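Let's take a walk through this model together, one feature at a time. Have the sequence and the 3D view open as you read.

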Amino acid sequence: MSRIAGVRASIRSFLRTLVGLSGVERILISVAALVLSIVVGFFIILVSGRIAECSTAAWTMPVTGLGFCYDPFEVYFVLFNGALGEPFYTWEPALLNPEWLPFTFTWLGLMPGWTPFNSSLALTMSETTLLVFTGLSVAVAFRAGLFNIGTQGQLVVGALLTALVVVALAPFFPENRLGGAALIAIGIAAGALGGGFWGAIPGALKAYADANEVITTIMLNFIAANVAYVLVLEVFRDEGTSVVATARIPEHAQINPWFFPGTGDFAELALLIGVVVVVGLYVLLEHTSFGYDLRVSGIQPLAAEYGGVDSKLTTVRAMTLSGALGGIGGALWVLMAEGRWIESVPDLGFDGIAVSILAGNNPLGVIPAAGLFGVLKGGALEIGFQTDVPTELVAVLRGLIILFVAMPEFFRMVGTYVDIEEPDAGAGPGAGGGPGADPAAAADDGGETDA
């Protein structure tokens with residue numbers, strides 16, 4: 001028993017250390033985790049390149065002379081450089097790389113004629129923008145102590161309702177900028193309404209039937225995907241198309257880019273909307289009574305009840321808001337990237353879970369977290385185009401980076417929701433989550449640890 005107690009004490013100490021980290025320390029840990037993931041991935045590429053069969057080695061290890069079918073330096077260079085539209089190119093000046101050097105030094109230069117407004121960077125920014133909303137969706141639920149695994153289903157419902165509403169109302173609006181702006185606003189509102197309704201279902205089941213929200217949201221993902229598919233296939237399918245998709249939204253009702261090429265499926269206005277929502281959500285959570293109730297319910301539910309918070313209503317509201325954000329992500333996918341609802345809806349909702357964890361459930365941290373995911377997804381496509389590395393190996397490299405960078409924040413998040421104090425520290429009135437707990441103190445603590 002003493003050994004078990006020692007292990008528990010070590011775990012508490014570890015979690016306590018993570019929860020108490022400053023913002024600078026968390027950034028340094030994330031950078032170190034990113035570097036470590038690249039190092040581990042480097043060796044995985046080498047092993048895979050040694051096992052694979054090829055006529056010519058892509059990279060030869062200095063000193064040993066061993067040949068490998070995949071060049072790890074090229075893979076990571078293409079991963080990050082390709083996601084930005086290849087702003088850098090490489091060259092190896094002969095005078096600076098004498099033969100006696102054990103390693104070849106690669107020098108970077110700015111690609112002549114490169115512009116930030118390219119299709120590759122547009123694709124990266126498109127993924128980033130959509131992941132901002134799914135990340136916020138998951139973050140809101142986490143802050144309320146709820147695990148919303150159903151953002152994908154809420155995104156699907158929001159996207160479908162957006163497509164149907166905009167297509168149906170388009171004939172009643174003029175085909176100009178003013179009419180297009182009105183349709184875009186209506187489409188986003190429809191997406192929020194559809195996603196919010198789909199999020200409210202598991203929220204109500206959790207609040208009034210004590211149903212586990214993890215199970216209900218997962219099941220609702222399948223229901224949303226299949227119901228949407230059948231509705232479009234049998235009722236709303238566009239005539240003359242071979243795929244299961246709705247009619248296209250009129251050009252003037254789509255969110256079009258200002259500077260980026262249209263082939264990249266990215267519009268600056270959508271990202272601007274995302275930034276506004278991030279700031280607004282941060283203010284809502286940190287500086288309003290609703291945010292106070294939500295945070296207290298997520299950190300210390302018993303203290304919230306003692307303080308007069310209606311936990312059942314707060315649960316429904318939190319899941320509704322969470323679903324609405326996911327629905328807005330679906331609306332922007334339709335209005336900005338696809339121009340219609342189509343059966344191949346990307347798995348943005350599931351990626352949003354990792355984005356939220358990486359951001360520490362802080363709305364302000366969602367943008368850089370989504371940016372990292374956008375770079376990884378955009379760069380992974382470039383690796384497939386420019387190298388012979390299998391897509392499965394590229395997925396492994398992406399997963400490694402996500403795992404290593406997100407795990408410290410994941411354990412830190414766990415530490416904020418479990419009792420990490422010593423057993424005797426909870427004695428006395430007001431300790432832990434008991435009836436005597438101070439809800440204001442709980443809310444303040446939650447604001448610090450999730451900041």
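Start with D351, which is buried at a relative accessible area of 17%. Buried here means under 20% relative accessible area, exposed means over 50%, and partly exposed is in between (1.4 Å probe, protein chains only). A quick word on what you're looking at: this is a predicted model, where local features need pLDDT of at least 70 and side-chain atom pairs count only at pLDDT 80 or more, while totals for chains, interfaces and linings use all residues. Residues are numbered from 1 along each chain as its sequence is written, and side-chain values use heavy atoms, with hydrogens and water left out.

Back to D351: it forms a salt bridge with K377, and the closest N and O atoms are 3.2 Å apart. The term stands for a side-chain nitrogen of Lys or Arg within 4 Å of a carboxyl oxygen of Asp or Glu. This pair links distant parts of the chain, with D351 in helix α12 and K377 in helix α13, 26 residues apart. Helices (H or I, at least four residues) and strands (E, at least two) are DSSP runs, numbered from the N terminus. K377 is buried too, at 17% relative accessibility.

K377 has another partner: its side chain also meets that of E127 in a salt bridge (3.3 Å, N to O). Since K377 lies in helix α13 and E127 in helix α4 (residues 119–143), the pair ties together parts that are 250 residues apart in sequence. Through shared partners, salt bridges join E127, D351 and K377 into one network.

How many salt bridges does a search of the whole structure find? The count is 5. One of them pairs E213 with K206 at 3.3 Å, N to O. Here E213 is buried, with a relative accessible area of 5%, whereas K206 is partly exposed at 26%.

D210 sits in the loop between α6 (177–209) and α7 (213–236), and its phi is near 55 degrees, a positive value in a residue other than glycine. N361, in the loop between α12 (348–358) and α13 (363–386), isn't a glycine either, yet has a positive phi of about 60 degrees.

Now for the disulfide, of which the structure holds 1; the cut-off is a pair of cysteine sulfur atoms within 2.5 Å. C54 and C69 form it, with their sulfur atoms 2.1 Å apart. C54 lies in the loop between α2 and β1 (59–60) and C69 in the loop between β2 (67–68) and α3 (72–83), so the bond ties together parts that are 15 residues apart in sequence. The torsion about the S-S bond of C54 and C69 is about -90 degrees, so this disulfide is left-handed. C54 is partly exposed at 40% relative accessible area, but C69 is buried at 12%.

Finish at helix α1 (residues 2–19), whose buried residues are R12, L15, L18 and V19. Seen down the axis of α1, these fall within an arc of 125 degrees, so they line one face of the helix; the arc is that of the directions from the helix axis to the C-beta atoms. On the other side of α1, S2 and R3 are exposed.
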